[in-house]
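Here are my notes on the model, as numbered points. I hope they are handy to have beside you as you look through it.

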Amino acid sequence: MWQTPMNFLATEMDVKLHKDFLELHALPVEVIHTLLDRAGELAQRWDERNMPSTLRGKRVGVIVDDTGWRNTTAFDLGVQAMGGICAQVPISLGTRESVEDLAGYLDNWFDLLVVRTKQLEALQALADAAVAPVINARTRANHPCETLGDLAYIKRVKGTLEGLKVVVIAPDANILRSWVEASKVLPIQVVQVYPEAWHFQDAELLNANFQASEDMAHALDADVIVTDCWPQNAPYGQLLSYQVSAAFLDKARDDLLFLPCPPVTRGEEVTADAMPHASCRSREAKAFLLHAQNALMEWAAL
């Protein structure tokens, strides 16, 4: 059973009147750690097929206003597994109805809103207008649930996040941004390794725990390597030296966690032989997407 420590509750009440999750660095670090620990507990309950009914009586609206299936499916499944009611809401943000009107109608029916949409700004507008907490299931600017799930898995395997080096071989896009968000509040070092043309640009998120480089040698002593898909406009030859292969992974740390972000394109960001490599834990890590999101929904809805 989820139990909210008093300091957890007090910290959150100081930050917001209700509990949105739009960007990782917007949460106090103690809240993030509580969510990661709870994800581990819920993983055990999931394996035992003994999930808590902590969302009983809660009504959750899931809005899928962009492509993708993994995390929205996991949200739907998680709500049901914890006793809640989940409904898909077939709307788009920023079209015919104003966001303020949509928020009012949604608040009539739902205790929590999970939204996958294109623009982070539209999601922020919905969160500002709605009484129900809003969870960012992905935007094209960031993907905090994906990173939260990976962090929960990493903490489960490593035992701590303290001092870990995470190398993200990816362009300036939503996966990298969420890792940079994490580096603002967590005791991890995040290094982007990619050609300079795609280096991270948002000055508001730059911090002492993040750096950008073109040198793949950074990945050889990394605790975690994350990859993302190649930019659509990138010449193939320009990124070939940033492709992760089994031969490259053989040179890395013995305890490396290699977490390619799906959907994975073999022959681009990874070679086919990298996926069955012993250090590749993509499948295991993505199981924790469900568990981290379940912890997030408990926190937001209770």
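1. Of the 20 residues in α10, 17 are buried, so the helix is mostly covered; buried means under 20% relative accessible area, exposed over 50% and partly exposed in between, with a 1.4 Å probe and protein chains only.

2. A word on the ground rules: this is a predicted model, in which local features need pLDDT of at least 70 and side-chain atom pairs count only at pLDDT 80 or more, while totals for chains, interfaces and linings use all residues. Residues are numbered from 1 along each chain as its sequence is written, and side-chain values use heavy atoms, with hydrogens and water left out.

3. Because twelve of the 15 residues are buried, α6 is largely enclosed by the rest of the structure. Among the buried ones are P144, C145, E146 and Y153. After α6 comes G159, with a positive phi near 90 degrees.

4. How do α6 and α10 meet through aromatic rings? Rings of Phe, Tyr and Trp (its six-membered ring) pair if their centres lie within 6.5 Å; planes under 30 degrees apart count as stacked, over 60 as edge-to-face and the rest as tilted. By this rule there are five aromatic pairs. One is Y153 with F288, whose centres are 5.7 Å apart and whose planes stand at 65 degrees, so the pair is edge-to-face. Since Y153 lies in α6 and F288 in α10, the pair ties together parts that are 135 residues apart in sequence. Both Y153 and F288 are buried.

5. The rings of Y194 and Y242 have centres 5.8 Å apart and planes at 45 degrees, so this pair is tilted. Y194 sits in the loop between β6 and β7, and Y242 in the loop between α8 (236-239) and α9 (246-251), 48 residues apart. Both are buried, and Y194, W198 and Y242 form one aromatic cluster.

6. Now the strands, which pair if DSSP finds at least two bridges between them. Strand β1 (residues 59-64) runs parallel to β2 (residues 85-88) over four bridges, with V62 opposite Q88. β1 also pairs in the parallel sense with β3 (residues 112-116), over five bridges, and there V60 stands opposite L112.

7. Finally, the record: an unreviewed UniProt entry places "domain: Aspartate/ornithine carbamoyltransferase carbamoyl-P binding" at residues 19-155. That span is 47% helix and 15% strand. The UniProt annotation "domain: Aspartate/ornithine carbamoyltransferase Asp/Orn-binding" (unreviewed entry) covers residues 163-299, a span with 29% helix and 16% strand. UniProt annotations may be inferred rather than shown by experiment.

Note on methods
Helices (H or I, at least four residues) and strands (E, at least two) are DSSP runs, numbered from the N terminus.
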